[in-house]
Amino acid sequence: TRSRRAFLRQLWRGIDVKAAWIQTTHRATDAPREVTHVARLESGRIMYAGPAIQPGTKSPVRGRAKDHSDAPGNASGVLPAAAATDLVRLHGVRVYRDERLVIRSLDWTLQHGQHWSVTGPNGSGKSTFIAMLYGDLWPAHGGRIERPLLPAGTPIEDWKRMVGRVSPELQATYAATACTVEEIVVSGLHSSIGLNAPTTPGERALARRGLARVDMLELRGRRARELSYGQLRLALLARAIVAPRRLLLLDEPFDGLDAATCATALRVIGDMAARRVQIVLATHHGEDVPDYVRNVLAFGRSGRATITGPDGAAGRAAARRGRRTRP
């Protein structure tokens, strides 16, 4: 939030008063107050062009995920429930990136049934934390990460098959490929970037089912570079849910999405949560966090984190010690 304010402040200071400028955004709250005119586009047409919305007008409100606890089960949406146990435990974890200490001495437990929001300023460690949970980064010597659902020594690929992930890094990687939307989604079955072999009929059927859930089935033949930013983000969400999962790791999943597309993403994620798939969501926008996500891991600029949740101070202390509390 602070970085957005600083960006807009410097933008206005650096623009010649005689210069014209254009900003594109899905969020009315991100527009500088100096905007004089607004154009609204739909399906390649300008639907409105005229004076900017007057101060005090409310920006479009983003839909919250509904409670889908009565929704029918989906064989491709969730792994069979295991015994009530922790999914991940971190003990004294420190993480370095390019020889820089990003996360400091973190003790944290993802308990069965919990959903978490991860917050903090730019560079505080949110994306590093998501990458570590997924298995792309490891704690420095002396720290420990445990995944109790799997025996010690299990290959990390087995863990990744239980986890769906959406992230800006993953999107940037796929944006540079020639993969079709269908191939992007199929790669989620293998936790890979791209594919080493042609897709099978069964894989294509699963991919199309996932694409239908995010309303993108008709785009399955398009290449990644032919998609808009928001369309590629939805394709990655379909990739994340194409296989049975226990956990979804979502790093800024709603960035680049318009209100309708965001509502679709919230609906899909809410469906997964209702089917006992656990959610860890990193975001800069508090309004993006669904109501069922009640625990917060907040990183500061120093790389240290504070923990809050429905159990208050007792829950925070127990989480730091790695001891179970009621979610």
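Leaving aside its neighbours within four places in sequence, with which residues is isoleucine 145 in contact? In the predicted model examined here, these partners are Val88, Arg89, Leu90, Met132, Trp138 and Pro139. Isoleucine 145 belongs to strand E6, which spans residues 144-146. With a relative accessible area of 14%, isoleucine 145 falls under the 20% limit and is therefore classed as buried. Its C-alpha atom lies 9.8 Å from that of threonine 109, a residue 36 positions away in sequence.

The protein chain as a whole contains nine helices and eleven strands. Of its 327 residues, 43% count as buried. Among contacts in the protein chain with a separation of 6 or more, 69% involve residues 24 or more positions apart. In strand E4 (residues 100-110), tryptophan 108 is buried, with a relative accessible area of 0%. The C-alpha atoms of tryptophan 108 and glycine 92 are separated by 8.8 Å, the two residues being 16 positions apart along the chain.

Within H4 (residues 168-175), the residues Leu170, Gln171 and Tyr174 are buried. The elements against which the buried residues of H4 pack are strand E7 (163-166), helix H5 (181-187) and helix H7 (229-241).

The packing of H4 on H7 is described by an angle of about 110° and a distance of 10 Å between the axes. Because an angle from 65 to 115 degrees counts as roughly perpendicular, H4 and H7 are assigned to that class. On the H4 side the contact involves Pro168, Leu170, Gln171, Tyr174 and Ala175, which meet Tyr229, Leu232, Arg233, Leu236 and Arg239 of H7. By class, the residues of this contact comprise seven nonpolar, one polar and two charged. The buried residues of H4, namely Leu170, Gln171 and Tyr174, are included in the contact with H7.

Helix H7 also packs against helix H8 (residues 259-274), here at an angle of about 10° and with the axes 11 Å apart. An angle under 35 degrees counts as roughly parallel, and H7 and H8 are therefore placed in this class. Leu234, Leu237 and Ile241 are the contributions of H7, while H8 supplies Thr261, Ala265, Val268, Ile269 and Met272. The contact of H7 with H8 has seven nonpolar residues, one polar residue and no charged residues.

Helix H5 contains serine 187, which is buried with a relative accessible area of 0%. The side chain of serine 187 reaches the backbone oxygen of isoleucine 184 at 2.5 Å. Beyond its neighbours within four places in sequence, serine 187 is in contact with Tyr174, Ser192, Gly194, Leu195 and Arg239. Two of these partners, Tyr174 and Arg239, also take part in the contact of H4 with H7.

Serine 124 is situated in the loop between strand E5 (116-119) and helix H2 (126-134), and its relative accessibility of 1% places it among the buried residues. A polar atom of the side chain of serine 124 lies 2.7 Å from the backbone oxygen of proline 121. Leaving aside neighbours within four places in sequence, the contacts of serine 124 are with Val102, Phe299, Gly300 and Gly303.

Positive phi values were noted at two non-glycine residues. Serine 43, in the loop between strand E1 (37-42) and strand E2 (45-51), has phi near 50°. Glutamate 252, in the loop between strand E8 (247-251) and H8, likewise has a positive phi, of about 50°.

Methods
Residues numbered from 1 in each chain as written. Predicted model: local features only at pLDDT ≥ 70, side-chain atom pairs only at ≥ 80, totals over all residues. Heavy atoms only, no water. Helix = DSSP H or I, 4+ residues; strand = E, 2+ residues; numbered from the N terminus. Buried < 20%, exposed > 50% of the residue type's maximum accessible area, 1.4 Å probe, protein only. Contact = heavy atoms within 4.5 Å. Polar contact = N/O pair within 3.5 Å; in protein donor to acceptor, adjacent residues only side chain to side chain. Axes fitted to C-alpha atoms, helices over the stretch in contact; angles between N-to-C directions. Parallel < 35°, antiparallel > 145°, perpendicular 65-115°, else oblique. Nonpolar A, V, L, I, M, F, W, Y, C, P; charged D, E, K, R; others polar.
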